[in-house]
Structure formats: structure tokens, C-alpha cells
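The sequence and model come first, then the notes.

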Amino acid sequence: MPVVRVHESYHRAPKGLTAKDEDGLATAAVARLRAQGYHVACDADFDTDDRPATYPPSSASVSHLASRVRQATTTDETAAALTELAAPHDGVLTAIEEALTATADFYDGLGEPSDPRIARRLRYLADEVLRTIRTDLSDTRNQLADRHAPHPGRSTCAQEVPPNERERSAVCACPPPPRALPAPPPPVAIGLRR
């Protein structure tokens, strides 16, 4: 169970467990942490080679889409990643809409005076704000898909090096990407406004 205090936070075992249950819980915690890649130093009683199956958090798939866009060298690659976000039936935004609607439905049944207002706000986010985002993102995706063009500042690196070079990282045959110009500062108002 998580314990959060002003200057520390930690986890503790629930109250009322037997010593055997506490040991099993500690061993399972060690196994789960190691399955996620953490180094865990523990007493020999809790040491285990078990690695339970782990599933990446749903945010990892969205982060992966962002990574694909960062690495994309063509408009088609970026359009493919954006398709997964804005797909009408199984896209990420559709899943967010479902979660907002389910939370609004939950609030409708709680019975506090502020609950209907919160439910309406959640439905507004699902119906209006997400619809605007989905429409803009779909338009952007369609424009990119219609271009069928490479990005002028990105290229696929083949990691080719001259035969006389010993290290691949020392020299790359790819041309350097063009330097991006800094964004101009925003315009400054000259006169006073009334």
C-alpha cells in the first residue's frame, strides 16, 4: 500500500497479513520490480528468479507513436503514425473518448450536487474538444499522406563509412541535416491600448 508523507513516500504491506503472506508479498514485489528491469537488493529469503509477465502501460504505445514521428523521414511514415491516433474506430483518441464518457457515466450516479456538472464537463471534453482535435489531426494526416515526399531535413542513415575508417560513429556518409532557423520573436505592440 502506498504511503505518502511530507518528506518521504514508500510502500508497506497491508495490515493483518500473516508472516507467510508478508514474505510472499515481498517476494512477488521483488519479482515484479526485476521483471520491469530494476536492480533489487534484498534478503536471500525474498530473492527469486521468477519474472511475471509484464505489459507496457498504454501510454507507452502513444509514446511509441511520437517516437515514430520523430524518426520519420517521409510524409507517408508520419501519416501512418497519425492514423493510429485519429482512427475513428480503434484510434487512441477514440479510446480517450470512451474513457471520458465512462467517467461521466460514473459521475452521473454518485449523487453529490457537483457530480452532474462534472459529468457534463467530461462529456463536453469527449464530444467537442476531442472532436476538434480528431478533425484537425485527421486533416493534417491526410495532407501529409497526399504529399508522398521525403522530409528535406531528415534522411535514413545507412551508417556507411569509408573503408579506411575503423569506427562507424566517427564518419557517416549521410549529409548533415540543414540547420533550422530560429523562430522570429513575436511582434511588439507600439502604442498603448485602451
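**Salt bridges and helix packing**

Counting a salt bridge as a side-chain nitrogen of Lys or Arg within 4 Å of a carboxyl oxygen of Asp or Glu, the total is six salt bridges. The model is predicted: local features need pLDDT of at least 70, side-chain atom pairs count only at pLDDT 80 or more, and totals for chains, interfaces and linings use all residues. Residues are numbered from 1 along each chain as its sequence is written, and side-chain values use heavy atoms, with hydrogens and water left out.

**Salt bridges**

- Asp47 and Arg34 pair at 2.5 Å, N to O. Asp47 lies in the loop between α1 (19-35) and α2 and Arg34 in helix α1, so the bridge ties together parts 13 residues apart in sequence.
- Arg34 is buried at 18% relative accessible area (buried is under 20%, exposed over 50%, partly exposed in between; 1.4 Å probe, protein chains only), whereas Asp47 is partly exposed at 45%.
- Glu97 and Arg134 form a salt bridge, with their closest N and O atoms 3.1 Å apart. This pair links helix α4 to helix α5 across 37 residues.
- Asp105, Asp108 and Arg123 join in a network of salt bridges.

**Helix α3**

- Helix α3 covers residues 75-86 (helices are DSSP runs of H or I, at least four residues, numbered from the N terminus).
- Its buried residues include Thr75, Leu82 and Leu85. The buried residues of α3 fall within an arc of 165° seen down the axis, so they line one face of the helix (the arc is that of directions from the helix axis to the C-beta atoms).

Technical notes:
Helices (H or I, at least four residues) and strands (E, at least two) are DSSP runs, numbered from the N terminus. The expected span of a helix is 1.5 Å times one less than its number of residues.
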